[in-house]
Amino acid sequence: MNILTPFEYYRPETLDEALELLATKEDYKILAGGTDLMIQLKEKMIHPANIIDVTQIPELNEFAIKDGEGAVIGGCTTDAFCEFSKELRDKYPAFSIAAGEIGGPQVREMGTIAGNLANSGPSAETPSSLICYDAKMTLAKKGGERVVDVKDFITGNRRNILEEGELIKNIILPEPAATTHVKYGYVAMRRMMEIDIVNMSIRVDLDGDTIKDAKCVMGSVAIRPLISEKVPEVLKGTKIGDEAVIAKAAEAAQSEVHPISDIRATAEYRVDVVGALVRKLLREIAAEAK
Ligand SMILES: Cc1cc2nc3c(=O)[nH]c(=O)nc-3n(C[C@H](O)[C@H](O)[C@H](O)COP(=O)(O)OP(=O)(O)OC[C@H]3O[C@@H](n4cnc5c(N)ncnc54)[C@H](O)[C@@H]3O)c2cc1C
């Protein structure tokens with residue numbers, strides 16, 4: 001039976017109260033939706049003496065989105081909210097779609113965006129699109145806050161830059177230009193609650209039909225989201241939708257990944273999928289830009 005190891009449970013109702021607990025309690029874990037954490041507790045992978053539930057803190061549940069000003073999404077915003085928010089779907093479709101691919105409906109109703117980032121799994125669904133949108137996050141601890149780029153947050157398999165006593169307060173998405181296109185795609189074993197074999201987001205900034213700038217971020221091919229150096233080099237200055245360029249971009253991405261083989265896929269298959277996703281997403285962007 002999965003009987004939990006005893007712990008003290010705290011549910012602060014203000015940010016200050018939470019930060020005080022995080023500063024004074026040793027051996028704690030932050031709890032949001034619990035869809036990752038409860039499994040780790042039940043499997044006895046972790047034995048924290050204290051659990052600090054941050055779901056009642058107003059700042060972690062705020063949501064603001066305005067034309068021309070981007071969006072601020074509190075850390076405890078659920079994956080389901082991000083999936084169904086029309087405003088997010090309209091302005092940040094790749095992120096909204098990625099959030100809607102996490103687990104199944106029950107998981108998304110409980111799971112949160114901060115939890116997805118802080119869990120820092122190599123196949124996490126949301127980091128690649130957030131990085132493509134140049135998202136930042138506010139990390140808060142007693143005595144101060146810092147704003148960091150999402151691209152610098154995850155440092156390895158279940159590792160990130162969160163310090164002792166620090167929590168994710170919110171995620172900040174800048175306003176995208178009308179000429180910015182971001183697409184998200186993934187391949188998993190089958191249409192079920194299966195961890196991705198590869199996921200990817202591609203961003204293209206256009207000047208007319210010429211690619212001014214580009215980004216390609218891949219998940220599940222390294223211990224942290226892999227930001228391609230070569231794909232932007234191939235794409236910049238070319239015409240959107242040029243099939244020869246698309247093929248070169250796919251090869252460039254494939255040359256940068258060195259994935260592992262595991263129960264979900266072989267390394268060779270993952271490399272094939274990387275090429276296929278680059279081609280698919282660039283064709284989708286070309287169609288959208290027309
Ligand atoms: C059946 C199933 C299927 C799943 N499928 C997917 C999938 O397809 N793709 C995917 O990416 N994930 C998947 N997940 C994982 C999980 O659902 C998501 O990562 C979810 O978004 C985690 O959010 P949570 O609020 O439940 O996190 P929790 O479990 O509460 O916490 C996860 C980690 O984040 C920390 N944390 C939470 N909130 C904060 C905060 N505000 N500040 C600092 N640290 C914090 C916790 O301490 C813990 O270490 C799946 C999980 C299950 C159970």
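Start by colouring the protein chain in three parts: domain 1 (8-53), domain 2 (59-173) and domain 3 (180-289), with bounds that come from an automatic or database domain assignment. Residues are numbered from 1 along each chain as its sequence is written. Keep in mind that this is a predicted model: local features need pLDDT of at least 70 and side-chain atom pairs count only at pLDDT 80 or more, while totals for chains, interfaces and linings use all residues.

Next, show domain 1 and domain 2 together; their centres, taken over C-alpha atoms, are 19 Å apart. Twelve residues from domain 1 and 16 residues from domain 2 make up the contact (C-beta atoms, placed from the backbone, within 7 Å of each other). Now select helix α1 (residues 15-24), which gives six residues, the largest share of the side of domain 1 that touches domain 2. Helices (H or I, at least four residues) and strands (E, at least two) are DSSP runs, numbered from the N terminus. By class, that side of domain 1 has seven nonpolar, three polar and two charged residues.

Now move to the ligand. Its shell holds 31 residues, and Gly-33, Gly-103, Gly-111, Gly-115 and Ala-118 come nearest (near means a C-beta atom, placed from the backbone, within 6 Å). Select β2 (28-31), α6 (105-110), α7 (113-119) and β10 (167-173): each supplies at least two residues of this shell, and α7 gives the most, with five residues. Finally, show domain 1 and domain 2 again: both give residues to the shell around the ligand, so the ligand lies between them.

Technical notes
Contact = placed C-beta atoms within 7 Å. Nonpolar A, V, L, I, M, F, W, Y, C, P; charged D, E, K, R; others polar.
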